[in-house]
Amino acid sequence: MTDKKELVVLITKGIDSELSSVALVVACGGITAGMKVSLFLTSSAIDLVRKRGAAMTHVPPLEPLMTMMADFLGRGGEIWACPPCVKARGYEQADLIEGVEIVGASRMHAAIIRGAGTLSF
């Protein structure tokens, strides 16, 4: 059990939705608040971590999604990509940005069992 509060943010929206940027703002805010934050990406959200995919999303006045994602990872955030969702798009680990792990929902479930809060976008 960790002393640090945990948050798992489930993101299903991709590069064409402002909700993906909102999710990153909330996730980065959680880290700023001292939480251990993880993102679990499913469905079209997988495109957010495809190399150059995040560069396609910018919702002014927010920072570009790519900038927020680099900040999130740089401050210890974890990004998990759903294996079937990655495979369905024909991607492999090499197609994803550095720092993304292709892991199943069991990683998210383990965090929830430890008491993590959850949010979905």
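How many helices and strands are there in the protein chain? I counted 4 helices and 5 strands, taking helices (H or I, at least four residues) and strands (E, at least two) as DSSP runs numbered from the N terminus. Read along the sequence, I found the pattern β-α-β-α-β-α-β-α-β.

I note that this is a predicted model, in which local features need pLDDT of at least 70 and side-chain atom pairs count only at pLDDT 80 or more, while totals for chains, interfaces and linings use all residues. Residues are numbered from 1 along each chain as its sequence is written, and side-chain values use heavy atoms, with hydrogens and water left out.

Buried means under 20% relative accessible area, exposed over 50%, and partly exposed in between (1.4 Å probe, protein chains only). This core has 36 residues, and those with the most contacts inside it are Val 9, Ile 11, Leu 39 and Phe 72. Its largest share, 5 residues, comes from helix 1.

I then listed contacts (heavy atoms within 4.5 Å). Not counting residues up to four places away in sequence, Ile 11 touches several residues, including Leu 24, Leu 39 and Phe 121.

I turned to Lys 4, in the segment before strand 1. Lys 4 is partly exposed, with a relative accessible area of 43%. Leaving aside neighbours within four places in sequence, I found Lys 4 in contact with Gly 34, Met 35 and Lys 36.

Technical notes
Core = buried A, V, L, I, M, F, W, Y, C linked by side-chain atoms within 4.5 Å.
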